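Please consider the structure shown below together with its sequence. The paragraphs that follow lead through its elements, its core and the packing of its helices.

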Amino acid sequence: MDVVIDGVRYVPEANQAGEVSGLVLADRLKCARKNAGLTLQGLADLVGTSKSHIWTIEQGNTSPGFSMVCKICRATGANLMAIAGESEK
């Protein structure tokens with residue numbers, strides 16, 4: 001399964017078992033960061049948090065609050081609705 005964020009197509013990475021699950025918020029945030037050409041540290045600096053915090057969000061180990069999602073969208077230039085998984089109809 002792949003996803004298009006702001007016109008760029010990404011394929012989510014497989015888990016350790018080689019399975020690719022549906023794209024979740026963590027995957028979409030990681031795609032947005034990569035699309036923006038940012039490193040974990042670069043995004044962390046822009047949104048005012050630590051590199052390890054961004055990593056745990058992208059791994060799905062913690063759920064970011066709405067405020068953090070908005071900061072990440074602003075920093076990456078990603079569309080909030082696309083990150084939220086809402087498609088335009």
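Two residues are said to touch, or to be in contact, when they have heavy atoms within 4.5 Å of each other. The model is a predicted one, in which local features need pLDDT of at least 70 and side-chain atom pairs count only at pLDDT 80 or more, while totals for chains, interfaces and linings use all residues. Residues are numbered from 1 along each chain as its sequence is written, and side-chain values use heavy atoms, with hydrogens and water left out.

The chain contains 5 helices and 2 strands; helices (H or I, at least four residues) and strands (E, at least two) are DSSP runs, numbered from the N terminus. Read from the N terminus on, the order of the elements is β-β-α-α-α-α-α. Of the 89 residues, 31% count as buried, where buried means under 20% relative accessible area, exposed over 50%, and partly exposed in between (1.4 Å probe, protein chains only). Among contacts in the chain with a separation of 6 or more, 47% are between residues 24 or more positions apart.

Leucine 40 lies in helix α2. Is leucine 40 buried or exposed? Leucine 40 is buried, because its relative accessible area is 17%. Leaving aside residues up to four places away in sequence, leucine 40 touches Arg33, Lys51, Ile54, Trp55 and Glu58.

A nonpolar core is a set of buried Ala, Val, Leu, Ile, Met, Phe, Trp, Tyr and Cys residues joined through side-chain atoms within 4.5 Å. The largest such core has 14 residues, and those with the most contacts inside it are Leu29, Leu43, Val47, Ile54, Met68, Ile72 and Ile83. At least two residues of this core come from each of α1 (25–35), α2 (40–47), α3 and α4. Leucine 43 touches Arg33, Leu38, Ile54, Ile72, Ala75 and Thr76, again not counting residues up to four places away in sequence.

Two packed helices are described by the angle between their axes and the distance between the axes. Axes are lines fitted to C-alpha atoms, for helices over the stretch in contact, and angles run from 0 to 180 degrees between N-to-C directions. The axes of α2 and α3 are 8 Å apart, and these helices pack at an angle of about 110°. The two are therefore roughly perpendicular, a term for angles of 65 to 115 degrees. Leu40, Gln41, Leu43, Ala44 and Val47 of α2 make this contact with Lys51, Ile54, Trp55 and Glu58 of α3.

The axes of α2 and α4 come within 9 Å and cross at roughly 115°, so α2 is roughly perpendicular to α4 as well. Here Leu43, Leu46 and Val47 in α2 meet Met68, Lys71, Ile72, Ala75 and Thr76 in α4. In α4, the buried residues are Met68, Val69, Cys70, Ile72, Cys73 and Thr76, and they pack against α1, α2, α3 and α5 (80–83). Glycine 77, with a positive phi near 75°, follows α4.

Proline 64 is located in the loop between α3 (51–58) and α4 (66–76). Why does proline 64 count as buried? Proline 64 counts as buried because its relative accessibility is 17%. Not counting residues up to four places away in sequence, proline 64 touches Leu25, Leu29, Ile57 and Val69.

Terms used
Angles under 35 degrees count as roughly parallel, over 145 as roughly antiparallel, 65 to 115 as roughly perpendicular and the rest as oblique.
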